[in-house]
Amino acid sequence: MAILSNAAFPCRNISLKPSLPCTTSRPHCLLRCSQEGKEVVSPLVWSLGEEVSKRSLLALVSASLFFVDPALAFKGGGPYGQGVTRGQDLSGKDFSGQTLIRQDFKTSILRQANFKGAKLLGASFFDADLTGADLSETDLRGADFSLANVTKVNLTNANLEGATATGNTSFKGSNITGADFTDVPLRDDQREYLCKIADGVNATTGNATKDTLLCN
């Protein structure tokens, strides 16, 4: 609200009709009003109080630009898939054959989800639950499985070249026949476990699973 600082202004029953817009660069403007049937023109001075109010309003508007709708905070997706896939329960969902490059599945529940044949280059499964999911014949190069639960997952002929599998990533009970683990950083216990169940040759890269795991 404007605060008028003009003690010498002679009008009563003032009707504000600024002849020029008042701005921070033009703090003085002319005010027209009527007094005893005559129109009087008097300078109007915007007070410091109004300036502070205006600045507060601007600050409030600026701050609102940084507010994010909670529903959009979980907006996942990459250039080829814009669905909401981050922090969601997507158990049993069918993603088979889809192109989901750099898709964001962080912290999602993906139990028994079907990704067979999907292109998932650079996708993030950080802290996701993939228990029982079908990742067979998928392109998972550069994907992130940090802290993910990858137990009882079908990784047959999956290409995981350069994927990340650090922290507590678990592959227990998974089928890794023909899976390519080239350049996947694994803990010693993870590698030891996978080497015990590794077999087959990846149909796409032609690399033997045991060789990609650097098994002895």
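Leaving aside its neighbours within four places in sequence, which residues is T205 in contact with? They are N159 and D180, where contact means heavy atoms within 4.5 Å. Before going on, keep in mind that this is a predicted model, in which local features need pLDDT of at least 70, side-chain atom pairs count only at pLDDT 80 or more, and totals for chains, interfaces and linings use all residues. Residues are numbered from 1 along each chain as its sequence is written, and side-chain values use heavy atoms, with hydrogens and water left out.

Back to T205, which lies in the loop between α2 and α3 (209–212); helices here are DSSP runs of H or I with at least four residues, numbered from the N terminus. With a relative accessible area of 28%, T205 is partly exposed; that label covers the range between buried (under 20%) and exposed (over 50%), using a 1.4 Å probe and protein chains only. The side chains of T205 and D180 make a polar contact at 2.7 Å. That term means a pair of N or O atoms within 3.5 Å; within protein, one must be able to donate a hydrogen and the other to accept it, and residues adjacent in sequence count only if both atoms are side-chain atoms.

Now for the aromatic rings. The structure holds seven aromatic pairs, meaning Phe, Tyr or Trp rings (the six-membered one for Trp) with centres within 6.5 Å; planes under 30 degrees apart are stacked, over 60 edge-to-face, and the rest tilted. Zooming out, F95, F105, F115, F125 and F145 form one aromatic cluster.

F115 turns up again in the largest nonpolar core: of its 36 residues, F115, F125, F145 and L155 touch the most other members. Such a core is a set of buried Ala, Val, Leu, Ile, Met, Phe, Trp, Tyr and Cys residues joined through side-chain atoms within 4.5 Å. In soluble globular proteins, nonpolar side chains tend to be buried together.

Notes:
Helix = DSSP H or I, 4+ residues; strand = E, 2+ residues; numbered from the N terminus.
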